[in-house]
Amino acid sequence: MSAAEAATSTLFDVDAIRRAFPILDQQVRGRRLAYLDNAATTQKPQVVLDALVRYYQHDNANVHRGLHTLAERATEQYESARDRLAEFVNARDRSEVIWTRGTTEAINLVAQCFAQSELKAGDAVLISELEHHSNIVPWQLACERSGATLRWIPLRDDGTLDLSDLDALLQGVRLVSVAACSNALGTMHPVREIADAAHAVGAAVLVDAAQATVHQRMDVQAWDADFVAMSGHKAYGPTGIGALIARRSWLERLQPWHGGGEMIETVTLEGSTWNEVPYKFEAGTPNIAGAIGMAAALDWFDGLDHAALLKHEQALLAATVAGLGSIHGLRFIGTAPVKAPIVSFVIDGVHPQDLATLIDQSGVAVRTGHHCAMPTMTRFGIPGTVRASMACYNSFQDIQQLIDATETAAEILS
Ligand code: PMP
(Lines give C-alpha, C1' and ligand atoms only; values in the text may rest on other atoms or scores of the structure.)
Protein backbone atom coordinates (compact mmCIF):
# COMPACT_ATOMS: atom_id res chain seq x y z
CA MET A 1 0.00 0.00 0.00
CA SER A 2 1.42 3.41 -0.96
CA ALA A 3 1.53 6.35 1.47
CA ALA A 4 -1.41 7.98 -0.34
CA GLU A 5 -3.46 4.78 -0.12
CA ALA A 6 -2.63 4.42 3.57
CA ALA A 7 -3.67 8.03 4.25
CA THR A 8 -7.09 7.62 2.65
CA SER A 9 -7.77 4.17 4.07
CA THR A 10 -7.36 5.39 7.65
CA LEU A 11 -9.96 8.08 6.99
CA PHE A 12 -12.30 5.86 5.08
CA ASP A 13 -13.20 2.37 6.24
CA VAL A 14 -13.89 0.61 2.94
CA ASP A 15 -14.24 -2.80 4.61
CA ALA A 16 -17.08 -1.50 6.79
CA ILE A 17 -18.76 0.06 3.76
CA ARG A 18 -18.43 -3.17 1.78
CA ARG A 19 -20.19 -5.07 4.56
CA ALA A 20 -23.27 -2.90 3.93
CA PHE A 21 -23.48 -4.32 0.37
CA PRO A 22 -24.12 -8.09 0.56
CA ILE A 23 -23.90 -8.51 -3.24
CA LEU A 24 -20.19 -7.63 -3.22
CA ASP A 25 -19.36 -10.69 -1.14
CA GLN A 26 -19.39 -13.29 -3.90
CA GLN A 27 -17.21 -15.16 -6.36
CA VAL A 28 -17.57 -14.64 -10.10
CA ARG A 29 -15.90 -17.17 -12.40
CA GLY A 30 -14.11 -18.55 -9.38
CA ARG A 31 -12.60 -15.18 -8.42
CA ARG A 32 -13.58 -12.52 -5.90
CA LEU A 33 -15.96 -10.02 -7.51
CA ALA A 34 -14.45 -6.62 -8.30
CA TYR A 35 -17.45 -4.53 -9.32
CA LEU A 36 -16.23 -1.59 -11.42
CA ASP A 37 -19.34 -0.87 -13.49
CA ASN A 38 -20.80 1.78 -11.20
CA ALA A 39 -21.44 4.34 -13.94
CA ALA A 40 -23.95 1.86 -15.38
CA THR A 41 -25.56 1.19 -12.02
CA THR A 42 -24.42 1.08 -8.41
CA GLN A 43 -25.08 -1.71 -5.94
CA LYS A 44 -27.62 -1.19 -3.16
CA PRO A 45 -26.83 -1.27 0.56
CA GLN A 46 -28.85 -3.64 2.75
CA VAL A 47 -30.75 -0.68 4.29
CA VAL A 48 -32.24 0.11 0.87
CA LEU A 49 -33.28 -3.51 0.34
CA ASP A 50 -34.79 -3.50 3.86
CA ALA A 51 -36.75 -0.30 3.15
CA LEU A 52 -38.28 -1.86 0.02
CA VAL A 53 -39.26 -5.08 1.81
CA ARG A 54 -40.60 -3.19 4.84
CA TYR A 55 -42.79 -1.01 2.65
CA TYR A 56 -44.26 -3.96 0.75
CA GLN A 57 -44.64 -6.09 3.90
CA HIS A 58 -46.33 -3.45 6.08
CA ASP A 59 -47.49 -0.35 4.25
CA ASN A 60 -48.24 -1.07 0.61
CA ALA A 61 -51.21 0.98 -0.71
CA ASN A 62 -51.80 3.52 -3.43
CA VAL A 63 -50.91 7.09 -2.50
CA HIS A 64 -52.99 10.27 -2.16
CA ARG A 65 -56.37 8.68 -2.99
CA GLY A 66 -57.30 6.58 0.03
CA LEU A 67 -58.44 7.59 3.48
CA HIS A 68 -57.55 4.27 5.08
CA THR A 69 -54.54 3.83 7.33
CA LEU A 70 -52.28 2.03 4.88
CA ALA A 71 -52.94 4.66 2.19
CA GLU A 72 -52.05 7.36 4.69
CA ARG A 73 -48.85 5.56 5.67
CA ALA A 74 -47.82 5.01 2.04
CA THR A 75 -48.57 8.66 1.20
CA GLU A 76 -46.66 9.92 4.21
CA GLN A 77 -43.55 7.87 3.32
CA TYR A 78 -43.75 8.74 -0.37
CA GLU A 79 -44.06 12.48 0.32
CA SER A 80 -41.35 12.33 3.00
CA ALA A 81 -39.08 10.84 0.36
CA ARG A 82 -39.78 13.93 -1.76
CA ASP A 83 -38.79 16.14 1.19
CA ARG A 84 -35.65 14.07 1.67
CA LEU A 85 -34.61 14.46 -1.98
CA ALA A 86 -35.42 18.19 -1.99
CA GLU A 87 -33.16 18.62 1.03
CA PHE A 88 -30.41 16.40 -0.42
CA VAL A 89 -30.12 18.40 -3.66
CA ASN A 90 -30.71 21.76 -1.93
CA ALA A 91 -33.89 22.47 -3.93
CA ARG A 92 -35.54 25.81 -3.29
CA ASP A 93 -38.81 24.08 -2.36
CA ARG A 94 -40.23 20.52 -2.20
CA SER A 95 -42.69 21.36 -4.99
CA GLU A 96 -39.70 21.55 -7.36
CA VAL A 97 -39.18 17.76 -7.13
CA ILE A 98 -41.01 15.68 -9.74
CA TRP A 99 -40.62 11.92 -9.51
CA THR A 100 -39.70 10.26 -12.79
CA ARG A 101 -38.43 6.82 -13.84
CA GLY A 102 -34.93 8.30 -14.02
CA THR A 103 -32.72 10.77 -15.85
CA THR A 104 -33.96 9.72 -19.29
CA GLU A 105 -37.59 10.36 -18.44
CA ALA A 106 -36.75 13.65 -16.70
CA ILE A 107 -34.94 14.98 -19.80
CA ASN A 108 -37.73 13.77 -22.10
CA LEU A 109 -40.26 15.59 -19.93
CA VAL A 110 -38.47 18.91 -20.38
CA ALA A 111 -37.71 18.32 -24.08
CA GLN A 112 -41.33 17.50 -24.91
CA CYS A 113 -42.72 20.38 -22.88
CA PHE A 114 -40.28 22.74 -24.58
CA ALA A 115 -41.17 21.38 -28.03
CA GLN A 116 -44.83 21.99 -27.24
CA SER A 117 -44.71 25.60 -26.11
CA GLU A 118 -41.23 27.10 -25.93
CA LEU A 119 -39.33 26.22 -29.13
CA LYS A 120 -40.05 27.45 -32.63
CA ALA A 121 -38.28 27.65 -35.98
CA GLY A 122 -35.25 29.94 -35.68
CA ASP A 123 -34.59 28.95 -32.04
CA ALA A 124 -31.70 26.70 -31.03
CA VAL A 125 -30.96 24.14 -28.32
CA LEU A 126 -27.34 23.74 -27.22
CA ILE A 127 -25.89 20.45 -25.92
CA SER A 128 -22.31 19.15 -26.03
CA GLU A 129 -20.45 16.58 -28.07
CA LEU A 130 -19.94 14.60 -24.84
CA GLU A 131 -23.51 13.73 -23.90
CA HIS A 132 -25.27 10.45 -23.17
CA HIS A 133 -27.85 9.52 -25.82
CA SER A 134 -30.48 10.44 -23.18
CA ASN A 135 -29.33 14.03 -23.49
CA ILE A 136 -29.13 14.02 -27.29
CA VAL A 137 -32.08 12.09 -28.73
CA PRO A 138 -34.86 13.90 -26.77
CA TRP A 139 -33.51 17.21 -28.14
CA GLN A 140 -33.33 15.83 -31.68
CA LEU A 141 -37.00 14.86 -31.34
CA ALA A 142 -37.91 18.24 -29.81
CA CYS A 143 -36.09 20.12 -32.57
CA GLU A 144 -37.72 18.01 -35.30
CA ARG A 145 -41.12 18.68 -33.79
CA SER A 146 -40.65 22.42 -33.29
CA GLY A 147 -38.39 23.39 -36.18
CA ALA A 148 -35.61 24.49 -33.80
CA THR A 149 -31.94 23.72 -34.48
CA LEU A 150 -29.66 21.53 -32.39
CA ARG A 151 -26.10 22.79 -31.77
CA TRP A 152 -23.29 21.33 -29.72
CA ILE A 153 -20.26 22.52 -27.77
CA PRO A 154 -17.21 20.77 -29.28
CA LEU A 155 -14.96 18.40 -27.38
CA ARG A 156 -11.19 18.81 -26.98
CA ASP A 157 -8.72 15.95 -27.29
CA ASP A 158 -8.43 15.61 -23.51
CA GLY A 159 -12.20 15.15 -23.10
CA THR A 160 -12.95 18.66 -21.83
CA LEU A 161 -15.48 20.94 -23.49
CA ASP A 162 -14.13 23.67 -25.73
CA LEU A 163 -15.96 26.72 -24.39
CA SER A 164 -13.90 29.29 -26.32
CA ASP A 165 -16.80 30.04 -28.71
CA LEU A 166 -19.56 29.68 -26.15
CA ASP A 167 -20.91 33.20 -26.61
CA ALA A 168 -21.28 32.68 -30.37
CA LEU A 169 -22.82 29.23 -29.88
CA LEU A 170 -25.38 30.73 -27.49
CA GLN A 171 -26.88 33.11 -30.05
CA GLY A 172 -30.60 32.33 -30.41
CA VAL A 173 -30.41 29.48 -27.87
CA ARG A 174 -33.50 28.86 -25.72
CA LEU A 175 -32.12 26.01 -23.66
CA VAL A 176 -28.69 24.56 -22.84
CA SER A 177 -28.51 20.95 -21.67
CA VAL A 178 -25.22 19.49 -20.43
CA ALA A 179 -24.10 16.72 -18.11
CA ALA A 180 -22.38 17.64 -14.85
CA CYS A 181 -20.18 14.60 -15.34
CA SER A 182 -19.62 12.44 -18.41
CA ASN A 183 -20.45 8.76 -18.04
CA ALA A 184 -18.17 7.88 -20.97
CA LEU A 185 -14.97 9.70 -19.96
CA GLY A 186 -15.54 10.95 -16.41
CA THR A 187 -14.97 14.64 -17.28
CA MET A 188 -16.58 17.02 -14.81
CA HIS A 189 -17.94 20.06 -16.62
CA PRO A 190 -17.93 23.67 -15.35
CA VAL A 191 -21.70 23.69 -14.99
CA ARG A 192 -22.00 27.03 -13.22
CA GLU A 193 -19.88 28.81 -15.83
CA ILE A 194 -22.07 27.39 -18.62
CA ALA A 195 -25.27 28.24 -16.69
CA ASP A 196 -24.17 31.85 -16.14
CA ALA A 197 -23.37 32.31 -19.85
CA ALA A 198 -26.69 30.70 -20.83
CA HIS A 199 -28.71 32.83 -18.42
CA ALA A 200 -26.98 35.96 -19.73
CA VAL A 201 -28.70 35.38 -23.10
CA GLY A 202 -32.00 34.35 -21.47
CA ALA A 203 -31.61 30.61 -22.12
CA ALA A 204 -32.81 27.97 -19.66
CA VAL A 205 -30.32 25.43 -18.29
CA LEU A 206 -30.77 21.70 -17.79
CA VAL A 207 -28.10 19.70 -15.97
CA ASP A 208 -27.94 15.94 -16.52
CA ALA A 209 -26.82 14.87 -13.06
CA ALA A 210 -27.02 11.09 -13.63
CA GLN A 211 -23.31 10.66 -12.82
CA ALA A 212 -22.99 13.53 -10.38
CA THR A 213 -25.04 12.19 -7.48
CA VAL A 214 -22.95 9.17 -6.62
CA HIS A 215 -19.68 10.87 -5.73
CA GLN A 216 -20.78 13.84 -3.64
CA ARG A 217 -23.79 15.78 -2.44
CA MET A 218 -25.47 17.85 -5.09
CA ASP A 219 -26.48 21.51 -4.97
CA VAL A 220 -28.91 22.62 -7.66
CA GLN A 221 -28.79 26.21 -6.40
CA ALA A 222 -24.99 26.35 -6.63
CA TRP A 223 -25.35 25.27 -10.27
CA ASP A 224 -28.19 27.80 -10.73
CA ALA A 225 -29.84 25.21 -12.96
CA ASP A 226 -33.44 25.57 -14.12
CA PHE A 227 -33.78 21.80 -14.49
CA VAL A 228 -31.75 18.93 -13.02
CA ALA A 229 -32.28 15.31 -14.07
CA MET A 230 -31.16 12.37 -11.94
CA SER A 231 -31.54 8.60 -11.43
CA GLY A 232 -31.83 6.76 -8.11
CA HIS A 233 -30.04 3.62 -9.30
CA LYS A 234 -26.84 5.54 -10.07
CA ALA A 235 -26.59 6.58 -6.41
CA TYR A 236 -27.19 3.38 -4.40
CA GLY A 237 -30.99 3.50 -4.85
CA PRO A 238 -33.40 1.25 -6.76
CA THR A 239 -33.92 1.20 -10.54
CA GLY A 240 -37.05 2.76 -12.05
CA ILE A 241 -36.99 5.89 -9.87
CA GLY A 242 -35.39 9.27 -10.40
CA ALA A 243 -36.36 12.89 -10.46
CA LEU A 244 -36.55 16.15 -12.28
CA ILE A 245 -35.80 19.09 -10.03
CA ALA A 246 -37.11 22.22 -11.72
CA ARG A 247 -37.47 25.89 -10.95
CA ARG A 248 -41.07 26.43 -9.88
CA SER A 249 -41.67 29.30 -12.32
CA TRP A 250 -40.89 26.91 -15.19
CA LEU A 251 -43.21 24.24 -13.78
CA GLU A 252 -46.03 26.77 -13.53
CA ARG A 253 -45.42 27.91 -17.09
CA LEU A 254 -45.02 24.57 -18.92
CA GLN A 255 -48.00 22.45 -19.95
CA PRO A 256 -48.25 18.85 -18.68
CA TRP A 257 -46.77 16.14 -20.90
CA HIS A 258 -48.56 13.01 -19.62
CA GLY A 259 -52.29 12.93 -18.90
CA GLY A 260 -54.04 10.67 -16.39
CA GLY A 261 -54.90 10.33 -12.72
CA GLU A 262 -53.17 12.49 -10.10
CA MET A 263 -52.19 15.28 -12.51
CA ILE A 264 -55.69 16.80 -12.76
CA GLU A 265 -57.79 19.08 -10.61
CA THR A 266 -61.10 18.57 -12.45
CA VAL A 267 -62.11 16.48 -15.45
CA THR A 268 -65.22 16.86 -17.61
CA LEU A 269 -65.81 15.24 -20.96
CA GLU A 270 -65.12 18.63 -22.53
CA GLY A 271 -61.80 19.32 -20.85
CA SER A 272 -59.64 19.21 -17.72
CA THR A 273 -57.77 21.50 -15.35
CA TRP A 274 -54.41 20.71 -13.81
CA ASN A 275 -53.33 19.84 -10.32
CA GLU A 276 -50.76 22.10 -8.63
CA VAL A 277 -47.04 21.48 -9.17
CA PRO A 278 -45.35 19.05 -8.88
CA TYR A 279 -48.38 16.73 -9.28
CA LYS A 280 -49.27 18.32 -12.62
CA PHE A 281 -46.31 16.38 -14.05
CA GLU A 282 -46.94 13.08 -12.22
CA ALA A 283 -49.70 11.21 -14.06
CA GLY A 284 -50.67 7.74 -12.85
CA THR A 285 -49.62 5.58 -9.92
CA PRO A 286 -46.00 6.44 -9.15
CA ASN A 287 -43.12 4.18 -8.15
CA ILE A 288 -43.91 4.49 -4.44
CA ALA A 289 -41.49 1.82 -3.22
CA GLY A 290 -38.79 3.26 -5.49
CA ALA A 291 -39.12 6.72 -3.96
CA ILE A 292 -38.96 5.25 -0.44
CA GLY A 293 -35.93 3.16 -1.41
CA MET A 294 -34.24 6.17 -2.95
CA ALA A 295 -34.74 8.18 0.25
CA ALA A 296 -33.19 5.30 2.22
CA ALA A 297 -30.20 5.40 -0.15
CA LEU A 298 -29.80 9.16 0.37
CA ASP A 299 -29.94 8.69 4.15
CA TRP A 300 -27.26 6.01 3.92
CA PHE A 301 -25.07 8.06 1.58
CA ASP A 302 -25.38 11.13 3.81
CA GLY A 303 -23.92 9.11 6.68
CA LEU A 304 -20.56 8.86 4.88
CA ASP A 305 -17.70 11.27 5.45
CA HIS A 306 -17.91 13.09 2.13
CA ALA A 307 -14.51 14.76 2.26
CA ALA A 308 -12.91 11.36 2.92
CA LEU A 309 -15.04 9.76 0.19
CA LEU A 310 -13.82 12.27 -2.38
CA LYS A 311 -10.20 11.63 -1.34
CA HIS A 312 -10.71 7.87 -1.45
CA GLU A 313 -12.28 7.90 -4.91
CA GLN A 314 -9.61 10.24 -6.30
CA ALA A 315 -6.93 7.93 -4.86
CA LEU A 316 -8.62 4.98 -6.61
CA LEU A 317 -8.64 6.99 -9.84
CA ALA A 318 -4.94 7.83 -9.50
CA ALA A 319 -4.05 4.19 -8.74
CA THR A 320 -6.04 3.00 -11.77
CA VAL A 321 -4.38 5.48 -14.11
CA ALA A 322 -0.91 4.69 -12.75
CA GLY A 323 -1.39 0.91 -12.98
CA LEU A 324 -3.12 0.72 -16.36
CA GLY A 325 -0.84 3.42 -17.79
CA SER A 326 2.15 1.08 -17.64
CA ILE A 327 0.48 -1.51 -19.91
CA HIS A 328 2.04 -1.53 -23.37
CA GLY A 329 -0.22 -0.05 -26.08
CA LEU A 330 -2.89 1.12 -23.62
CA ARG A 331 -4.35 4.54 -24.34
CA PHE A 332 -6.67 6.53 -22.09
CA ILE A 333 -9.63 8.26 -23.73
CA GLY A 334 -10.43 11.32 -21.63
CA THR A 335 -7.63 12.81 -19.55
CA ALA A 336 -9.36 15.92 -18.21
CA PRO A 337 -7.76 17.55 -15.16
CA VAL A 338 -11.04 17.38 -13.20
CA LYS A 339 -12.49 13.90 -13.39
CA ALA A 340 -14.87 11.62 -11.54
CA PRO A 341 -13.39 8.15 -10.87
CA ILE A 342 -14.23 6.86 -14.34
CA VAL A 343 -11.44 5.54 -16.59
CA SER A 344 -12.00 4.78 -20.28
CA PHE A 345 -9.27 3.09 -22.30
CA VAL A 346 -8.40 1.19 -25.46
CA ILE A 347 -5.45 -1.02 -26.31
CA ASP A 348 -4.06 -0.55 -29.81
CA GLY A 349 -4.90 -3.48 -32.07
CA VAL A 350 -7.30 -5.08 -29.55
CA HIS A 351 -11.09 -4.95 -29.81
CA PRO A 352 -12.59 -3.58 -26.56
CA GLN A 353 -15.15 -6.40 -26.60
CA ASP A 354 -12.45 -9.11 -26.52
CA LEU A 355 -10.64 -7.23 -23.78
CA ALA A 356 -13.73 -6.95 -21.57
CA THR A 357 -14.60 -10.63 -22.08
CA LEU A 358 -11.18 -11.67 -20.83
CA ILE A 359 -11.27 -9.18 -17.95
CA ASP A 360 -14.58 -10.71 -16.85
CA GLN A 361 -12.80 -14.10 -16.56
CA SER A 362 -10.92 -12.57 -13.64
CA GLY A 363 -14.07 -11.63 -11.72
CA VAL A 364 -13.80 -7.96 -12.73
CA ALA A 365 -16.99 -6.24 -13.91
CA VAL A 366 -16.23 -3.42 -16.36
CA ARG A 367 -18.27 -2.07 -19.24
CA THR A 368 -17.34 -2.06 -22.89
CA GLY A 369 -18.80 -0.37 -25.97
CA HIS A 370 -19.93 3.13 -26.82
CA HIS A 371 -21.48 3.80 -23.37
CA CYS A 372 -24.53 5.40 -25.02
CA ALA A 373 -22.24 8.17 -26.27
CA MET A 374 -21.76 7.35 -29.95
CA PRO A 375 -20.93 10.94 -31.00
CA THR A 376 -18.11 10.93 -28.42
CA MET A 377 -16.71 7.67 -29.81
CA THR A 378 -16.97 9.11 -33.34
CA ARG A 379 -15.08 12.21 -32.17
CA PHE A 380 -12.19 9.98 -31.03
CA GLY A 381 -12.43 7.70 -34.09
CA ILE A 382 -12.98 4.53 -32.05
CA PRO A 383 -15.88 2.01 -31.85
CA GLY A 384 -15.83 2.00 -28.07
CA THR A 385 -13.74 1.79 -24.93
CA VAL A 386 -13.39 -0.38 -21.86
CA ARG A 387 -14.61 1.62 -18.90
CA ALA A 388 -13.91 1.10 -15.22
CA SER A 389 -16.03 3.25 -12.91
CA MET A 390 -15.62 3.39 -9.14
CA ALA A 391 -17.91 3.98 -6.19
CA CYS A 392 -17.50 4.32 -2.43
CA TYR A 393 -17.17 0.57 -1.78
CA ASN A 394 -14.32 -0.02 -4.22
CA SER A 395 -10.99 -0.96 -2.68
CA PHE A 396 -7.40 -0.86 -3.89
CA GLN A 397 -7.70 -4.64 -4.17
CA ASP A 398 -10.43 -4.13 -6.81
CA ILE A 399 -8.11 -1.82 -8.72
CA GLN A 400 -5.18 -4.23 -8.53
CA GLN A 401 -7.46 -7.02 -9.78
CA LEU A 402 -8.44 -4.82 -12.74
CA ILE A 403 -4.83 -3.97 -13.55
CA ASP A 404 -3.71 -7.62 -13.34
CA ALA A 405 -6.67 -8.79 -15.45
CA THR A 406 -6.05 -6.12 -18.10
CA GLU A 407 -2.34 -6.96 -18.22
CA THR A 408 -3.08 -10.66 -18.71
CA ALA A 409 -5.76 -9.94 -21.34
CA ALA A 410 -3.43 -7.57 -23.21
CA GLU A 411 -0.70 -10.22 -23.30
CA ILE A 412 -3.09 -12.86 -24.66
CA LEU A 413 -4.67 -10.58 -27.26
CA SER A 414 -1.69 -8.54 -28.49
N1 PMP B 1 -27.03 10.65 -18.57
C2 PMP B 1 -25.88 10.10 -18.15
C3 PMP B 1 -24.65 10.95 -18.06
C4 PMP B 1 -25.85 8.75 -17.79
O5 PMP B 1 -24.73 8.20 -17.36
C6 PMP B 1 -27.04 7.98 -17.89
C7 PMP B 1 -27.05 6.49 -17.55
N8 PMP B 1 -25.94 5.80 -18.02
C9 PMP B 1 -28.21 8.61 -18.31
C10 PMP B 1 -28.17 9.94 -18.65
C11 PMP B 1 -29.50 7.87 -18.39
O12 PMP B 1 -29.90 7.46 -17.11
P13 PMP B 1 -31.09 6.43 -16.91
O14 PMP B 1 -30.80 5.28 -17.83
O15 PMP B 1 -31.01 6.05 -15.47
O16 PMP B 1 -32.35 7.14 -17.26
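Helices (H or I, at least four residues) and strands (E, at least two) are DSSP runs, numbered from the N terminus. The model is predicted: local features need pLDDT of at least 70, side-chain atom pairs count only at pLDDT 80 or more, and totals for chains, interfaces and linings use all residues. Residues are numbered from 1 along each chain as its sequence is written, and side-chain values use heavy atoms, with hydrogens and water left out.

**Exercise 1.** Locate Gln43 and state whether Gln43 is buried or exposed.

Solution. Step one: Gln43 lies in the loop that runs between strand 3 (34-35) and helix 3 (46-59). Step two: the relative accessibility of Gln43 is 13%, so Gln43 counts as buried (buried is under 20% relative accessible area, exposed over 50%, partly exposed in between, with a 1.4 Å probe and protein chains only). Step three: not counting residues up to four places away in sequence, Gln43 touches Phe21, Ile23, Leu24, Tyr35, Asn38, Tyr236 and Tyr393, where contact means heavy atoms within 4.5 Å.

**Exercise 2.** Describe how helix 4 and helix 11 pack.

Solution. Step one: helix 4 (residues 69-88) and helix 11 (residues 288-302) have axes 9 Å apart, at an angle of about 45°. Axes are lines fitted to C-alpha atoms, for helices over the stretch in contact, and angles run from 0 to 180 degrees between N-to-C directions. Step two: helix 4 is therefore oblique to helix 11 (under 35 degrees is roughly parallel, over 145 roughly antiparallel, 65 to 115 roughly perpendicular, the rest oblique). Step three: residues making the contact include Ala74, Tyr78 and Phe88 of helix 4 and Ile288, Met294 and Asp302 of helix 11. Step four: by class, the contact residues are 12 nonpolar, one polar and three charged. Ala, Val, Leu, Ile, Met, Phe, Trp, Tyr, Cys and Pro count as nonpolar, Asp, Glu, Lys and Arg as charged, and the others, Gly among them, as polar.

**Exercise 3.** Repeat the analysis for helix 5 and helix 6.

Solution. Step one: the axes of helix 5 (residues 103-117) and helix 6 (residues 137-146) cross at roughly 10° and come within 9 Å. Step three: among the contact residues are Ile107 and Ala115 of helix 5 and Trp139 and Arg145 of helix 6. Step four: this contact of helix 5 with helix 6 has seven nonpolar, three polar and one charged residues.
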